[in-house]
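Please open the model in a viewer and follow the selections below in order.

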Amino acid sequence: MDHEAKQEALDKRYIRMAGIWAENSYCKRRQVGALIVKDKMIISDGYNGTPSGFENVCEDENNLTKPYVLHAEANAITKIARSNNSSDGATMYVTASPCIECAKLIIQAGIKRVVYSEKYRLEDGLNLLRRAGIEVVYISANE
């Protein structure tokens, strides 16, 4: 198996794992999972939800996402700050395409590759990642 085929097989495996990790989210509107992988090791993970110590409710009484809910990417990146790992040069696997706020964090975290499995109507986050020279790969979740 050549390098590209190997990488694609790995990408599909990790994106499926990110999808399973998303099931930990208690958000009702949308469950998103993220993994950060470096040297074939998962160095961080995250799913969307409220900050530590807050009640596990993502939506308000109008079913709108509360403004302080963290996205999966932000949770995975900030978790690295509390560990001895570095995300420099890593790949992020995320079930939804990153928003512009998360794209900024991804760039600053030194992540070099983003693999996502769900398209979103706004592409500004993906465009920002590409502008920063980050490789962006779409893999359908159903593959």
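Begin by selecting Cys 102, which touches His 71, Glu 73 and Ala 74 when residues up to four places away in sequence are not counted; contact means heavy atoms within 4.5 Å. This is a predicted model, in which local features need pLDDT of at least 70 and side-chain atom pairs count only at pLDDT 80 or more, while totals for chains, interfaces and linings use all residues. Residues are numbered from 1 along each chain as its sequence is written, and side-chain values use heavy atoms, with hydrogens and water left out.

Cys 102 is in helix H3; helices (H or I, at least four residues) and strands (E, at least two) are DSSP runs, numbered from the N terminus. At 4% relative accessibility, Cys 102 counts as buried (under 20% relative accessible area; exposed is over 50%, partly exposed in between; 1.4 Å probe, protein chains only).

Next, select His 71, in the loop between strand E2 (41-47) and H2. His 71 counts as partly exposed, at 36% relative accessibility. Beyond four places in sequence, its contacts are Asn 48, Cys 99 and Cys 102.

Now colour His 71, Cys 99 and Cys 102 together: an unreviewed UniProt entry annotates them as "binding site", and such annotations, given in the numbering used here with shortened feature names, may be inferred rather than shown by experiment. They span 32 residues in sequence, yet no two of their C-alpha atoms are more than 9.0 Å apart, so they gather at one spot.

Finally, move to Ile 106, whose contacts beyond four places in sequence include Met 92, Ile 111, Val 114 and Leu 129.
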